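Please keep the model open beside you as you read through the points.

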2 protein chains.
Amino acid sequence: MGVEFDLREEVLSNKSPMLLKMNPVHKKIPVLIHNGKPVCESLLIVQYIDETWGHESPLLPSNPYERARVRFWADYADKKIYPAVRAVFLSMGEDREAAKKENIECWKVLEGELGDKAYFGGERFGYADVSLIPFYSWLYALETLADSNIVEEFPKMASWAKRCMQRESVAKSLPDQHKLRDYIMEHRKKLQAQ
Amino acid sequence: MGVEFDLREEVLSNKSPMLLKMNPVHKKIPVLIHNGKPVCESLLIVQYIDETWGHESPLLPSNPYERARVRFWADYADKKIYPAVRAVFLSMGEDREAAKKENIECWKVLEGELGDKAYFGGERFGYADVSLIPFYSWLYALETLADSNIVEEFPKMASWAKRCMQRESVAKSLPDQHKLRDYIMEHRKKLQAQ
């Protein structure tokens, strides 16, 4: 869509007065501020962007059933994948074994849903893909901690991720997998020391 | 909107083959089946209904910022109110004290957001109200278990709920507060016995 923006990073251990003012309810990132007004919660931000600037190249399809379908998978990212990945990263011992299983179940569901489609919505990169591709950045950390080769086990998801990463807008936005892995491993060490 | 529908109830301890087929991922109710195709997850169902049948009397506003705003409060119902109420119902001892506090915090946030508006979206009953009013059915159980008079403490929310309940579509859809309270108290007895 080519919308220009300023990126302000936050130190979550020392949240800025602007973040607390703009998202007083959840006090979380990301927040999109447009014309001085905040839009909070990742998926609501993506829908706002689509409804505000996406007319020429919409992220959501126009058909209500297809809209519900891509919303379902974006919601699945939020409700299932995010907690599953987080649990693998933060849990220890038996809990980690359960988290690893749950995580693999989630990837299986996605692999099945993607099938032979290029993207979750069909032929075009869209809302469900935007919601799911950030997990690609966590893949290296996840493979390390889940003791599994997700790329090999889920070849359709692997090709899909590659396809998404060929888009400049995606490649430029996602953080480096190796840095994230180091960050997670460091964080686990601190947790284990406690 | 006057859309006709057939209601099929589910016994959640013995889910029907139809439910498992129509919502294989979450296996949860509600599911809306339209033209043989399922739409799952409550908030996605409401948006689907609005996009399919709501043209004359839409539940969501047309302005993108207002849309994001009402979506935020519907999402708040899902992410904050539902877990808070559930925690009050299911928790015991110290956990229940924490849950009671969290629950009152949520109601404070809603009371503040509603302010002097008739509905969460403004002058008209809409998407955020549809998402929040089901909690009204749990109010009697909640007051019993949270040892607080929510109706007195949150007069704006109480008037809002009354206003919503004057709508036939709302009054006819919500379950009886007393029956729900009895159900919850019975369920707690079983939990305590375990």
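1. A:Asn35 sits in the loop between E1 and strand E2 (37–40) of chain A. Its phi is near 55 degrees, a positive value in a residue other than glycine. Helices (H or I, at least four residues) and strands (E, at least two) are DSSP runs, numbered from the N terminus.

2. A word on the basis of these notes: this is a predicted model, in which local features need pLDDT of at least 70 and side-chain atom pairs count only at pLDDT 80 or more, while totals for chains, interfaces and linings use all residues. Residues are numbered from 1 along each chain as its sequence is written, chains are lettered from A and ligands numbered from 1 in the order in which they are written, and side-chain values use heavy atoms, leaving out hydrogens and water.

3. Chain B has a positive phi to look at too. B:Lys27 is not a glycine, yet its phi is about 55 degrees. This residue lies in the loop between H1 and E1 of chain B, and B:Lys27 counts as partly exposed because its relative accessibility is 39%. As background, most residues other than glycine have a negative phi, and most peptide bonds are trans.

4. Where are the cis peptide bonds? One joins A:Ile29 and A:Pro30, with omega about -5 degrees. A:Pro30 is in the loop between helix H1 (17–22) and strand E1 (31–34) of chain A. In chain B, the peptide bond from B:Ile29 to B:Pro30 is cis, with omega near 0 degrees, and B:Pro30 is placed in the loop between helix H1 (17–22) and strand E1 (31–34) of that chain.

5. Now for the interface. In chain B, 26 residues are in contact with 25 residues of chain A (contact means heavy atoms within 4.5 Å). The two chains bury about 2,300 Å² between them, 66% of it on carbon and sulfur atoms; buried area is the accessible area (1.4 Å probe) that two parts lose on being put together, summed over both.

6. How many salt bridges are there between chain B and chain A? The count is eight, where a salt bridge is a side-chain nitrogen of Lys or Arg within 4 Å of a carboxyl oxygen of Asp or Glu. B:Glu41 and A:Lys79 form a salt bridge through their side chains, at 2.3 Å from N to O. The elements giving two or more residues to the side of chain B that touches chain A are strand E2 (37–40), helix H2 (42–53) and helix H3 (64–90) of chain B. H3(B) gives the most, with twelve residues.

7. Leaving aside residues up to four places away in sequence, A:Val109 touches A:Trp73, A:Tyr76 and B:Val25.

8. Finally, see helix H6 (residues 139–146) of chain B, where B:Leu139, B:Ala141, B:Leu142, B:Leu145 and B:Ala146 are buried. Viewed down the axis of H6(B), the buried residues fall within an arc of 155 degrees, so they line one face of the helix (the arc is that of the directions from the helix axis to the C-beta atoms). They pack against H3, helix H4 (93–114), helix H7 (150–153) and helix H10 (177–193) of chain B.

Key
Buried means under 20% relative accessible area, exposed over 50%, partly exposed in between (1.4 Å probe, protein chains only).
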